[in-house]
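Me: I have a new structure to get to know, and I would like to understand the terms as well as the picture. Could you take my questions one by one?

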Amino acid sequence: MFEDIVCNLASIKQEFAKKYSGSAHIQEIIPTTISKQFPFDSTHLQMLHDFATKNPIYFNSYEQKINGVSCTVYEGDINEYWLNSIKHGSSCQPFYPTWIVSAYIMASMANQLGYMELVDIGSGDGRIAFCGKILGMMSYSIEIDDVLVSLQEKISKSINQNFNPMCKDALEFNYSELCLTHPIFFIGGLAQMGGDILATSIIDKLNCISDLVKNTGLVFAGTHSKRHLSSNLTDGGWSSLIQKHNLNVIDTISLPTVWTFDQAVETPYIYTKFN
């Protein structure tokens, strides 16, 4: 089922990107209603729309039929948050969110794999952690930028969904405080932009927590862009780290994000676990 939904979302994004004539800084799509192409839980779908409508980064929305699917287009501006997010020395990537529907698909896959807790590192406005929360997982949203954490807290309160936003430096945080049992970590930032340093630090910390790593998953945001990868095209740029830490690749799904809106490819998310 995931494969069909992923393909349908990518197809709709590509068609929408060809025809989009607006001037918004960012734009994304959420199916307006459940359909054969997007057989989501109707309550969850409504909550995805709630997250968008209560999120201050979006200032406009309208309905549009794309590839025969009724969709709601959300337009927004993240310049203020982008500028603020780059001021931190240990930040691996400026604030560029994945699509809300992409976040839901990613969290759904983690849930289906049996993970009980979702820890989103470099969580931006908290959308992945939020999706884990509505799917019944215990979510933790870790973000170094205080302005983004304030944004998360505002959204969390508005939609009455606590996905535990925390203003912490992921490089320094003590993960044993979370009392995790079967977690999956989403690592924000490309490997080539410092994400490998962040991931290595987290892996080292997890290795110090007795018996945790055998139950832990890690999801890496990759890229198909040769300009970012140079000659390393394997596993979205994460192959060296995956091999070094003896991780097994479970699956890779490619989903729309803000930063690939004008590209012919999507963003690959690589699901791994400790061997």
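Me: What makes the seven strands an open sheet, and in which order do they stand?
Reply: The order is S6-S5-S4-S7-S8-S10-S9, and the pairing is mixed. Strands S6 (165-167) and S9 (247-255) stand at the edges with a single partner strand each, so one side of each has no neighbour in the sheet. From one strand to the next the twist averages 20°. A strand here is a DSSP run of E with at least two residues, a helix is a run of H or I with at least four, and both are numbered from the N terminus. This is a predicted model, where local features need pLDDT of at least 70, side-chain atom pairs count only at pLDDT 80 or more, and totals for chains, interfaces and linings use all residues. Residues are numbered from 1 along each chain as its sequence is written, and side-chain values use heavy atoms, with hydrogens and water left out.

Me: How do you know that S4 and S5 are paired?
Reply: Two strands pair if DSSP finds at least two bridges between them. Strand S4 (residues 117-121) and strand S5 (residues 138-143) are joined by five bridges and run parallel, so they count as paired. Val-119 has Tyr-140 in S5 as its bridge partner, and Ile-121 stands opposite Ile-142 in S5.

Me: What packs on this sheet, touching S5 and S6?
Reply: That is helix H6 (residues 146-159), whose direction makes about 160° with that of S6. Contact means heavy atoms within 4.5 Å. For the angles, axes are lines fitted to C-alpha atoms, for helices over the stretch in contact, and the values run from 0 to 180 degrees between N-to-C directions.

Me: Why is S4 called largely enclosed?
Reply: Five of the five residues of S4 are buried, so the rest of the structure largely encloses this strand. Buried means under 20% relative accessible area, exposed means over 50%, and partly exposed is in between, with a 1.4 Å probe and protein chains only. Both faces are covered: Glu-117, Val-119 and Ile-121 are buried on one side, and Leu-118 and Asp-120 on the other.

Me: What makes the three strands of the other open sheet antiparallel partners, and what is their order?
Reply: Their order is S1-S3-S2, with antiparallel pairing. The twist averages 25° from one strand to the next. Eight bridges join S2 to strand S3 (residues 69-76), and Ser-61 stands opposite Tyr-74 in S3. Helix H2 (residues 42-53) lies across S1, S2 and S3, at about 160° to S1.

Me: Why is Lys-13 called buried?
Reply: Its relative accessibility is 0%, so Lys-13 counts as buried. Lys-13 lies in helix H1 (residues 2-19). Leaving aside neighbours within four places in sequence, Lys-13 is in contact with residues including Trp-99, Pro-256, Phe-261 and Glu-266.

Me: And is Ala-264 buried or exposed?
Reply: With 70% relative accessibility, Ala-264 counts as exposed. Ala-264 is in the loop between S9 and strand S10 (267-274). Ala-264 and Ala-17 are 247 residues apart in sequence, but 9.4 Å apart in space, C-alpha to C-alpha.

Me: What makes the phi of Cys-179 worth a look?
Reply: Most residues other than glycine have a negative phi. Cys-179 is not a glycine, yet has a positive phi of about 55°. Cys-179 lies in the loop between S6 and strand S7 (183-187) and counts as exposed at 62% relative accessibility.

Me: Why is Asn-246 called partly exposed?
Reply: Its relative accessibility is 44%, so Asn-246 counts as partly exposed. Asn-246 is found in the loop between helix H9 (239-244) and S9, and its phi is also positive, near 55°.

Me: How many cavities of 30 Å³ or more does the structure hold?
Reply: The structure holds two. A cavity is a set of points on a 1 Å grid over the protein atoms alone where a 1.4 Å probe fits but cannot get out, and lining residues have an atom within 4 Å of a point. The second largest cavity has about 40 Å³ of space. Eleven residues line it, and among those closest to its centre are Thr-223, His-224 and Thr-260.

Conventions:
1 Å grid on protein atoms, 1.4 Å probe; cavity = no way out; pocket = protein on both sides within 12 Å on 5 of 7 lines; lining within 4 Å. Points joined across faces, edges and corners; volume = space filled by probe spheres on them.
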